[in-house]
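Hi there,

Here is the structure I promised to pass on to you. Have a look at it first, and then read my notes below.

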Amino acid sequence: MKKPAKTHKIKMMEAQLATKLNRQVVGSLVGCVHCGMCNDCCHYVLSHPDDPKMTPSYKADQVRKLFKANHDWTGSVFPWWVGADKAALTDDDLEELKDIAFGTCTNCRRCTINCPMGVDTATLNRLMRGLLTNVGVMPEGVRVVSKDQWELGNQMGVLKEDYIDTLEWMSEELEEDLGHGEAEIPIDKAGAKIMYAINPREVKYDPRTIKEAALIFWAAGEDWTMPTEGWDNTNFGLFSGDDGLGGASAKREYDKARELGVDKIVISECGHGYRSTRHEGVNWSGDAEPFPMESSVMTMLRYIKEGKIVVDPSKNSQRVTFHDSCNNARSCGFYEEPRELLRLVTTDFQEMYPNRAEGFCCTGGGGAMSMSEYTPRRLKSGEIKANQIRATGAEVVVTSCHNCVDGLGDVIKHYELGCEVKQLVDLVANALVLEECAVMKGRPATAAAPEAPAPTAEVEEAAAPVVAVEAPLAGRKILVVDDEEDIRTFLVTVFEDAGAEVMEASDGDECIEKAKTYKPDIISLDLSMPGKSGVDAFVELRKTAETESIPVCVVTGHPEFRQVIYDRPVPPPEGYLNKPVDEDKLVAYVAHIVETKEEKAN
Amino acid sequence: MHESSSLLHTAEVVHWAALIIMAVVYSLRLRWLFKFKPGADKSAPGAPDRTDKERGAFYSLFNVAMPWSMESTRKGFAFYLTFVIFHLGVVAGISLAFLSTITPNLVANPVFAWICGSTLFLAFLVALYRVFRRLFTPVMKLISTPDDYFSLFMLTAWFGLGAVTQAHLAGVQGFESVNILVAYLFLTSFFLIYVPFSKISHYLYYPFTRIWIGRALGHRGSYPIVRG
Ligand code: SF4
Ligand code: SF4
């Protein structure tokens, strides 16, 4: 049968491949002997034993074939002999390559450290992703997130005013907690010692971690600031394989740090953010002078060692285990510090096996959280992680990565492990003994204990925004959409107790109808419902003139619907909470969304 | 004995010529590899107290001799053993081919014959197992190319013929025909010429790929791997 001619896209990929080759990459391309030893190291293989296509070398072979067909001696003359005749030729082939490169590998590098030949399969997979991205072939979520990071400087499409507003909100929360405004988050403070760069997920869906970090910086007496630009430590270039985006994103951070004249960038707990900012960004951006950079885990550990903050581990007495982010542990050698810190702020730490550089992926690596089309496979691949966690008997899984928080959260929910995920910043903030921290030195004893209630044993509660007024939702109209009656009742009760007027709907069609007639101030929307799903209802709400501006807070127990955040044809929801939800957090969050919208409107 | 055979003489000459061809092609291969620009990590060392590029490279290069260092060899220790035997078989086979032309007395020595012969025989058995594995395991079938199959079939035959040749050189009854050695030398010659164009050339790249990944991960602080 006559072979089809190469399409223009394939030719472009081949041309780009030539520019990406260096000795190390070529070494990995020519070094594989197809021995299969990396097979059992991959979480996709272990959870899909009947699918040979999950094996790491098959994934790497996709770009290897392209290489062999164009650069290898034998492959150029006898392509069929080395499998180069099976290299992609048509645009349909590219769709299959997309599914392999993005949907069957999280670039976790576990196979890399288990290959006797030193073949870096994860790097080859990232190379393939980059070639595909370059010709516009990528999952929709990757496209959306990359576009946001190029255009807005952060991968979650957070507008500058929303970011600043969130920082101010957290400053207010701190003021309420502490009874004074000393811990206010300094924004764009020139000459500060530290610039704190965060993950946009913190702004959008988990601002309490910003508040906790601010509390710790304040307690340590740190001279720090958060920048208005270059604040996103994450970098989708690492996931999409686009070195240009990687360099541009990292440079934004470096340039801002230089502009502010800080001594150091401190990177909040994010595995790929740390790897991209601290290491790869330097290489992608060509920034010759690496800026001093460290993870906030190292910063917090140093504060404790230097006596700048004092912690009481008995405040975190639940059994905890630690999950190593692949990027931190395997690609950055960053695995001892979190353990050291964990032992200082908790009383019952149980190691998970295997761990450190040998740990398994949380399933959310490589940008997997943004590719909802692969969620069922991703969740299946989480079986190995679930078994690891279960064996520890832990009530809390701690990790130093926001991506892992989401990935592990999904695994815990899917496999009904009954534990929760926290980050070190949560535990450190909860364990703080403010009276003895540096900031209190020389102050009268009474000043050490703020009037606000002391943190409780539960970080979640302590960190949840404190409801400052009796009825924070008084006068607000809320539409609660959920097909499960008991959940609807719970949400309605919570909102009514907070002073809101509440209307209910049990499916997507009813939601749209009531949104049009009732004109709520906000919709609390479940995503998984019979009939018209929450996702479809959400898209329709956004596309309908009468409802497009109504804020939506998604409250879901189904991670597979995360596409409303990433893979969206319409603007994302204003809020996104996972079930089960904390009452205080829900009320504060919803109140904040409504207030923010009003402020903008005014 | 073998001086009397002109065929054997031809085989010996071809065999040395093949070695020269292999050396030339390998030099060109390395030149080709080093034509690519080196990848450099300009970032500051990952974990300063644990970071050491050279240590990482050393660890990486010799982890082949440390089966405990990788989960894949730790858990698949039986497979690791077959890997060791297979590669010792290659060393034995090459040694036999060249020593048979340089010092026939040594290869006829009973101790040498036993060591070399049994190594080749064991390698032959391992190679048979590998053929079976590659032909019948779905994963291996999926990732195998004609080059993978041919290289393995050739090595299996070469190990088998090598064991028989050792028996011939040791004067074992029933293996007297000089044609055995002739066939072995011709097969070795083909092997030497073929390998630089096949997957078997991996051993040429091996030190480089291992050192490069070792330096990269050593710089970041993830090599040597720490377990706890
Ligand atoms: S990547 Fe390494 S371990 Fe995996 S098949 Fe290739 S050589 Fe073997
Ligand atoms: S990088 Fe991780 S997910 Fe990808 S093939 Fe290797 S082990 Fe599997």
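**What I found**

Asn107(A) lies in the loop of chain A between helix H6 (91-103) and helix H7 (121-134); helices here are DSSP runs of H or I with at least four residues, strands are runs of E with at least two, and both are numbered from the N terminus. This is a predicted model, in which local features need pLDDT of at least 70 and side-chain atom pairs count only at pLDDT 80 or more, while totals for chains, interfaces and linings use all residues. Residues are numbered from 1 along each chain as its sequence is written, chains are lettered from A and ligands numbered from 1 in the order in which they are written, and side-chain values use heavy atoms, with hydrogens and water left out.

Although Asn107(A) is not a glycine, its phi is positive, at about 55 degrees. Asn107(A) is also buried, with a relative accessible area of 11% (buried means under 20%, exposed over 50%, partly exposed in between, using a 1.4 Å probe and protein chains only). Lys519(A) is another non-glycine residue with a positive phi, about 50 degrees. Lys519(A) sits in the loop between helix H25 (508-518) and strand E11 (522-525) of chain A, and is partly exposed at 40% relative accessibility. For context, most residues other than glycine have a negative phi, and most peptide bonds are trans.

There are cis bonds to look at too. One joins Tyr353(A) and Pro354(A), with omega about -10 degrees, and Pro354(A) belongs to the loop between strand E6 (348-350) and helix H18 (375-381) of chain A. In chain B, a cis peptide bond links Tyr223(B) to Pro224(B), with omega about -5 degrees.

**The two ligands**

Ligand 1 has 13 residues around it, and Cys32(A), Cys35(A), Gly36(A), Cys38(A) and Cys115(A) come nearest (a residue is near if one of its heavy atoms lies within 4 Å). That shell has nine nonpolar, four polar and no charged residues. The classes are these: Ala, Val, Leu, Ile, Met, Phe, Trp, Tyr, Cys and Pro are nonpolar, Asp, Glu, Lys and Arg are charged, and the others, Gly among them, are polar.

Ligand 2 is surrounded by 13 residues, the closest being Cys42(A), Cys105(A), Cys108(A), Arg109(A) and Cys111(A). Here the shell has seven nonpolar, three polar and three charged residues. Helix H3 (43-47) and helix H4 (56-71) of chain A each supply at least two of the shell residues.

Helix H4 of chain A also holds Gln62(A), which is buried at 9% relative accessible area. A polar atom of the Gln62(A) side chain lies 2.8 Å from the backbone oxygen of Tyr58(A). Leaving out residues up to four places away in sequence, Gln62(A) touches Leu97(A), Ile100(A) and Met128(A) (contact means heavy atoms within 4.5 Å).

**Cysteines**

How many disulfides does a search of the whole structure find? Zero, over all chains, where a disulfide is a pair of cysteine sulfur atoms within 2.5 Å. Cys401(A) is in no disulfide, and the nearest cysteine sulfur, that of Cys404(A), is 3.5 Å away. Cys332(A) is buried, at 1% relative accessible area, and Cys401(A) is buried at 2%.

Best wishes

Notes:
A polar contact is a pair of N or O atoms within 3.5 Å; within protein, one must be able to donate a hydrogen and the other to accept it, and residues adjacent in sequence count only if both atoms are side-chain atoms.
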